[in-house]
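User: I've got a model open here and I'd like to talk through some of its side chains and strands. Can you take my questions one by one?

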Amino acid sequence: MKRLFVCSAIALPFALGSVPAEAQDAREGSEPQESAPIVVSYEPLHAAAGVMNDHMHDSGELMLGLRYLHESSRGANRAGTRTISDADILASGYVSRASQMEMDMVMLDIMYAPNDNLTFMVMPQWMRHEMTMVGINPANTGMDMMGGMDMSAGHHSLAFGQKMTHSTQGLADTLVSGSLRLARSHGLNAHATLGLWLPTGKADRKNSDGTFVHYGMQSGSGTWDLEPSLTLSGTSGSFGWGAQGSYRWRSEERNKSGFSFGDKAKFTAWASKLISPRASVTGRISWEHEGQVQGHYNAGHNHSAPADRQPNYGGDIVWAATGINIALPLSGAKPPQLGIEASMPIHQNLHGIQLPRDWRLALSLTKSY
């Protein structure tokens, strides 16, 4: 049974203290000099590596960053919150199912503030999906195929127990956003963000036999999407906290391939504890909701596996995450920052029949100028 462990998290500011040496004249009759005051400067650490648009910048400041996200799904398929057997999947009209899926995403993070109250961001992305399918129909022994295997026929012809792995990769959608500062103090910071997702990724990727790949293996959405969000954060001594809510709205009912992904709603809250002047540990919990795929592929596609059909997408997932943020020991007032965060799902209620999520890893490296 999985146990929830969330460590204290995110330090937005941390102190770099400097105490001048106390000088004292040892000569007889001299007056002792008073100690110089302690001078403390603050350099903010960003939120957990898995959070985007968590902060704003001062006027004229530029930030460049590189993010990486890996998500792994594997194990027995689920329907809602329960595990479903291969026999039940077969009875639902499918002859194969996914046994494993890996997703990798690389994001370039570019932020610029023309003044203290506005920050703009551009985030192009690259994505890779890899899925392994397995045949679940005991009646298909594969004896009618050469050598018992016919990989060119796709996963709809997989023999019982036979596996096939296929992948897609390429440019994904690009996020362009603007953030407006609503409040700024050591105790409370707030900003509202409006994001626009540009359909720069392909939504018409196909298998070697000319049929469309599973909906979830498309690199892009094929639709123009709006994503407003609200972010709150604050600090108290060496502790920090934050919360963010967002909603990604698909502004089009269909893309050129005939479908659209479901809307996405997210809420996340984090906490932090400074463990040194250059490092903080982070803990975070998040809820993610995604609607089912709408529409239908408008050209050749398969219906032999749950991932081929629209009702088997979306649902509600609660994640627990822990990580660390480090200001790298390099010279300068604004050193590069490295963030690492690992997540695991603690609750999953999935639409239709799906692979359960297993774990997620987020990395970020940023530098402000």
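User: Let's start with Arg357: which strand is it in?
Analyst: Keep in mind that this is a predicted model. The strand that runs over residues 357-368 also pairs with β3. Arg357 has its place in that strand, β20.

User: Is Arg357 buried or exposed?
Analyst: The cut-off for buried is under 20% relative accessible area. Arg357 comes in at 19% relative accessibility, so it counts as buried.

User: Which side chain makes a polar contact with the side chain of Arg357?
Analyst: Arg357 touches Glu71, Ser72, Ser73, Ile317, Trp319, Pro345, Gln348 and Leu350, if you skip residues up to four places away in sequence. There's also a backbone oxygen, that of Leu355, 3.2 Å from a polar atom of the Arg357 side chain. The side-chain to side-chain polar contact, at 3.5 Å, is with Glu71.

User: What residue stands opposite Arg357 in the strand pairing?
Analyst: β3 covers residues 62-74, and it pairs with β20 in the antiparallel sense over 11 bridges. Across from Arg357 in β20 stands Ser73.

User: And over how many bridges do β3 and β6 pair?
Analyst: In this pairing Tyr68 stands opposite Val106 in β6. The sense is antiparallel, and the number of bridges between β3 and β6 is 13.

User: How far apart in space are Arg357 and Trp319, C-alpha to C-alpha?
Analyst: Trp319 is on the list of residues that Arg357 touches. In sequence the two are 38 residues apart; in space, C-alpha to C-alpha, the distance is 9.8 Å.

User: Which residue has its charged end over the ring of Trp319?
Analyst: There are arginines over tryptophan rings at two places I can point to. One is Arg248, with its charged end 4.0 Å from the centre of the Trp197 ring. Over the ring of Trp319, 4.0 Å from its centre, sits the charged end of Arg360.

User: What joins the side chains of Glu288 and Arg360?
Analyst: Glu288 lies in strand β16, residues 279-290, and at 19% relative accessibility it counts as buried. What joins the Glu288 and Arg360 side chains is a polar contact of 3.0 Å.

User: Which side chain does the side chain of Thr268 make a polar contact with?
Analyst: Thr268 is in strand β15, residues 264-276, and counts as buried at 7% relative accessibility. Beyond four places in sequence, it touches Gly242, Ala243, Gln244, Arg284, Ile285 and Ser286. The polar contact, at 3.0 Å, is with Arg284.

User: On to the rings. What kind of aromatic pair do Tyr215 and Tyr313 form?
Analyst: The structure holds six aromatic pairs. In the one made by Tyr215 and Tyr313, the ring centres are 6.1 Å apart and the planes are at 85 degrees, which makes the pair edge-to-face.

User: How many residues apart are Tyr215 and Tyr313?
Analyst: Tyr215 is in the loop between β11 and β12, and Tyr313 is in the loop between β17 and β18. Both are buried, Tyr215 with a relative accessible area of 0% and Tyr313 with 14%. The pair links distant parts of the chain, 98 residues apart.

User: Why is the pair of Phe259 and Phe261 edge-to-face?
Analyst: Phe259 is buried at 0% relative accessible area, and Phe261 is buried too, at 12%. Their ring centres lie 5.2 Å apart. The cut-off for edge-to-face is over 60 degrees, so the pair qualifies with its planes at 85 degrees.

User: Which residues form one aromatic cluster with Tyr215 and Phe259?
Analyst: Tyr313 and Phe261 come up again here as members. Alongside Tyr215 and Phe259, the cluster is made up of Phe212, Phe261, Tyr297 and Tyr313.

User: Which elements give two or more residues to the largest nonpolar core?
Analyst: That core has 19 residues, and Met131, Met133, Tyr215, Phe259 and Val293 touch the most other members. Two elements give two or more residues to it: β6 (96-115) and β8 (125-135).

Key:
Residues are numbered from 1 along each chain as its sequence is written. This is a predicted model: local features need pLDDT of at least 70, side-chain atom pairs count only at pLDDT 80 or more; totals for chains, interfaces and linings use all residues. Side-chain values use heavy atoms; hydrogens and water are left out. Helices (H or I, at least four residues) and strands (E, at least two) are DSSP runs, numbered from the N terminus. Buried means under 20% relative accessible area, exposed over 50%, partly exposed in between (1.4 Å probe, protein chains only). A polar contact is a pair of N or O atoms within 3.5 Å; within protein, one must be able to donate a hydrogen and the other to accept it, and residues adjacent in sequence count only if both atoms are side-chain atoms. Rings of Phe, Tyr and Trp (its six-membered ring) pair if their centres lie within 6.5 Å; planes under 30 degrees apart count as stacked, over 60 as edge-to-face and the rest as tilted. A charge sits over a ring if NZ of Lys or CZ of Arg is within 6 Å of the ring centre and within 35 degrees of the ring normal. A nonpolar core is a set of buried Ala, Val, Leu, Ile, Met, Phe, Trp, Tyr and Cys residues joined through side-chain atoms within 4.5 Å. Two strands pair if DSSP finds at least two bridges between them. Contact means heavy atoms within 4.5 Å.
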